[in-house]
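Open the structure in your viewer and keep the sequence panel beside it. The stops below say what to select and what is there.

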Amino acid sequence: NVALLEGVYKEEQFTLTEDAVFTFPDYQLSLAQGSWYETDDNQHQFATKLSAGLAVTDAIFSSVDRYISRKLRFLPPDTFRRLIGDYFLEDGQFTLKLKTKGDIGRPKVDFSDKLPELDIDELKDSAKDLIDSVRDIFK
């Protein structure tokens with residue numbers, strides 16, 4: 001595969017004028033238009049999207065299910081899957097939208113989208129409801 005980059009180079013800064021997409025067998029990485037890199041001091045600012053292929057997405061969900069069953073027994077895996085799906089699935093693929101900036105060798109990385117705020121009291125109430133419903137089965 002060939003990746004073409006379209007941009008402008010001015011005053012030691014390369015700026016993308018079009019989105020750039022790099023496709024690998026199990027992943028796809030894209031850099032958004034306007035992302036830039038300075039050649040004189042290695043500073044950069046990228047808006048990126050990293051998408052896992054379907055097999056990797058399935059493996060991520062399997063790993064999440066195992067974690068939930070071991071560590072968060074009170075939270076049904078489907079609830080957590082929905083939460084992940086609402087924020088991290090795009091076209092059925094696990095996708096991270098990230099912003100990176102600073103020195104390219106030691107970038108500062110942050111999520112582009114706001115992450116879900118978890119209401120601990122709501123989780124506790126869900127856990128209590130789940131436990132109560134399980135107890136009812138054995139009465």
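In which strand is Thr48 found? Select Thr48: it is found in strand S6, residues 43–52. Helices (H or I, at least four residues) and strands (E, at least two) are DSSP runs, numbered from the N terminus.

Before going on, note that this is a predicted model, in which local features need pLDDT of at least 70, side-chain atom pairs count only at pLDDT 80 or more, and totals for chains, interfaces and linings use all residues. Residues are numbered from 1 along each chain as its sequence is written, and side-chain values use heavy atoms, with hydrogens and water left out.

**Stop 1: around Thr48**

Keep Thr48 selected. Thr48 counts as buried because its relative accessibility is 13%; buried means under 20% relative accessible area, exposed over 50%, and partly exposed in between (1.4 Å probe, protein chains only). Now show its contacts (heavy atoms within 4.5 Å). Leaving aside residues up to four places away in sequence, Thr48 touches Leu29, Ser30 and Leu31, and also Leu96, Lys97 and Leu98.

**Stop 2: the whole chain**

Zoom out and colour by secondary structure. The chain has three helices and nine strands, and along the sequence they follow the pattern β-β-β-β-β-β-α-α-β-β-β-α. Of the 139 residues in the chain, 19% are buried. Taking contacts between residues at least 6 apart in sequence, 40% join residues at least 24 apart.

Accessible areas come from the Shrake-Rupley method with a 1.4 Å probe; for residues, only the protein chains shown count as cover.

**Stop 3: the nonpolar core**

Which residues form the largest nonpolar core? Select Ala52, Val56, Phe61, Val64, Ile68, Ile84, Phe88 and Phe94, the eight residues of this core. Helix H1 (54–71) and helix H2 (77–88) each supply at least two of its residues, and H1 gives the most, with four. A nonpolar core is a set of buried Ala, Val, Leu, Ile, Met, Phe, Trp, Tyr and Cys residues joined through side-chain atoms within 4.5 Å.

**Stop 4: salt bridges**

Side chains of opposite charge can pair when their charged atoms come close. How many salt bridges does the structure hold? It holds two, where a salt bridge is a side-chain nitrogen of Lys or Arg within 4 Å of a carboxyl oxygen of Asp or Glu.

Select Glu90 and Lys49, whose side chains meet in a salt bridge (2.7 Å, N to O). This pair links distant parts of the chain: Glu90 lies in strand S7 (residues 89–90) and Lys49 in strand S6, 41 residues apart. Shared partners join Lys49, Glu90 and Lys97 into one network.

Glu90 counts as partly exposed because its relative accessibility is 24%. Lys49, at 27%, is partly exposed, and Lys97, at 31%, is partly exposed.

**Stop 5: a strand pair**

Select strand S8 (residues 93–103) and strand S9 (residues 108–111), which run antiparallel and are joined by four bridges. Two strands pair if DSSP finds at least two bridges between them. A hairpin joins S8 to S9 through four residues. Pick Lys99 and look across to S9, where its bridge partner is Asp110.

**Stop 6: a loop with positive phi**

Most residues other than glycine have a negative phi. Go to the loop between strand S1 (7–10) and strand S2 (13–16) and select Glu11. Glu11 has a positive phi of about 50° although it is not a glycine, and at 74% relative accessibility it counts as exposed. Then select Glu12, in the loop between S1 and S2. Phi of Glu12 is positive, near 65°, and Glu12 is partly exposed, with a relative accessible area of 37%.

**Stop 7: a surface patch**

Which residues form a nonpolar patch on the surface? Select Phe24, Tyr27 and Leu50, which together have about 290 Å² of accessible area. Patches are made of residues with over 30% relative accessible area and no salt bridge: like charges are joined within 9 Å, nonpolar side chains (Val, Leu, Ile, Met, Phe, Trp, Tyr) within 5 Å. Phe24 sits in the loop between strand S3 (20–23) and strand S4 (27–31), and counts as partly exposed at 48% relative accessibility.
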